[in-house]
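Reader: I have a new model open and would like to learn how to read it. Could you walk me through it, one feature at a time?

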Amino acid sequence: MKIRDILAGDKPTLSFEVFPPKTEDAYHTVAAAAAEIAGLKPSFMSVTYGAGGGTSDYTVDIASTIQEKYNVTPLAHITCVSSTREKVEQVLGELRAHKIENVLALRGDIPEDGRTPEVYHYASELIREIKKSGDFCIGAACYPEGHVESANKSVDMDYLKEKVEAGCDFATTQMFFDNSILYSYLYRIREKGITVPVIAGIMPVTNAKQIKRITQMSGTYLPSRFMSIVDKFGDNPRAMKQAGIAYATDQIIDLIANGVKGIHVYSMNKPDVAMKIKENLSDILEWE
Ligand code: FAD
């Protein structure tokens, strides 16, 4: 099923994310985690793409298993980084062969050696190519706080508009920990004429070590209410996990209460975290 049709329903949607293994050794662990998460019957599941290479071949494999064995709609990511024209054609061909209809088109994180993508420089170029090649439902990333490399938020929103004009059907946000940032972003992009559905990306922070990486990669603002939780529980893994899940749940309830219908949880191959969040929302997701 196409994600744009799933998003057009009346009820809120809850989706989860898995990332493929970096090496063959880890394949079975990741496949088992993906199966458990699929067993929770989310609205759809996204499978990331290792822009640095290595893991990219597993994306189609895991996405097709989710669909064929567990009957959950997959969203396969693909990046400009490490993609030649032939590679994109090959991946799209494999997706089509497995009847996977949804693709999240990204530039990808620039690898540490600083090599920028050679063929497709920005996600919008990749979206244009995918649009030409068939009837995929295409998603893109968006950044309520602006992308770390962009000069300012307004320019970044103009580039989101370019992605929509290139053919993207919906956008999923980078994680954020203060919902008011999303609300003002939604207002501003709608003012710019961007009308595609925006799915809110929520990261349950379940250990204190994640925080450093999050702020380095995305520059996300961490509200004091959130930092108090990390200060208090950061050294106690079980308490931190419980508090992180509660914080994420609280964010999601506020989002749904304020009319945001698409919720995507960066579940990071953690079925227990996905399960707790789903349980916490069970009646809320059914209501509307
Ligand atoms: P783009 O939209 O191409 O933007 C990149 C930068 O260039 C931005 O600063 C933008 O403002 C600027 N820009 C855009 N268009 C133009 C233009 N025409 N001219 C000049 N500047 C321009 N990474 C992975 O490697 N694999 C994944 O599976 C993955 N999944 C993700 C899922 C989500 C929901 C999100 C939010 C991010 C994901 N990422 C993933 C990370 C993402 O690849 C990085 O954030 C990357 O740095 C930007 O990707 P993008 O598609 O937003 O890039």
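This is a predicted model: local features need pLDDT of at least 70, side-chain atom pairs count only at pLDDT 80 or more; totals for chains, interfaces and linings use all residues.

Reader: Which atom of Ala-123 lies 2.8 Å from an oxygen atom of the ligand, one of the backbone or one of the side chain?

Author: To read a polar contact, look for a pair of N or O atoms within 3.5 Å. Here, the atom of Ala-123 is a backbone N or O. Side chains take part too: a polar atom of Tyr-143 lies 2.7 Å from a ligand oxygen, and an N or O atom in the side chain of Asp-156 is 2.7 Å from an oxygen atom of the ligand. As for cover, the ligand on its own has 980 Å² of accessible area, and the protein covers 88% of that.

Reader: How many residues surround the ligand, and which element gives the most to the shell?

Author: There are 24, and the closest are Tyr-49, Tyr-143, His-147, Asp-156 and Lys-163. Helix H6 gives the most, with four residues. Strand E3 (74–79), strand E4 (102–106) and helix H6 (153–166) each supply at least two.

Reader: How do strands pair in a sheet, in general? And what do the strands form here?

Author: Strands of a sheet pair through backbone hydrogen bonds, either parallel or antiparallel. In this model, eight strands form a closed barrel with parallel pairing, in the order E1-E2-E3-E4-E5-E6-E7-E8. From one strand to the next, the twist averages 30°.

Reader: Where can I see E1 joined to E8?

Author: Look at residues 13–18 of E1 and 262–265 of E8: these strands run parallel and are joined by four bridges.

Terms used: Residues are numbered from 1 along each chain as its sequence is written. Side-chain values use heavy atoms; hydrogens and water are left out. Two strands pair if DSSP finds at least two bridges between them. Axes are lines fitted to C-alpha atoms, for helices over the stretch in contact, and angles run from 0 to 180 degrees between N-to-C directions. A residue is near a molecule or strand if one of its heavy atoms lies within 4 Å of it. A polar contact is a pair of N or O atoms within 3.5 Å; within protein, one must be able to donate a hydrogen and the other to accept it, and residues adjacent in sequence count only if both atoms are side-chain atoms. Accessible areas come from the Shrake-Rupley method with a 1.4 Å probe; for residues, only the protein chains shown count as cover.
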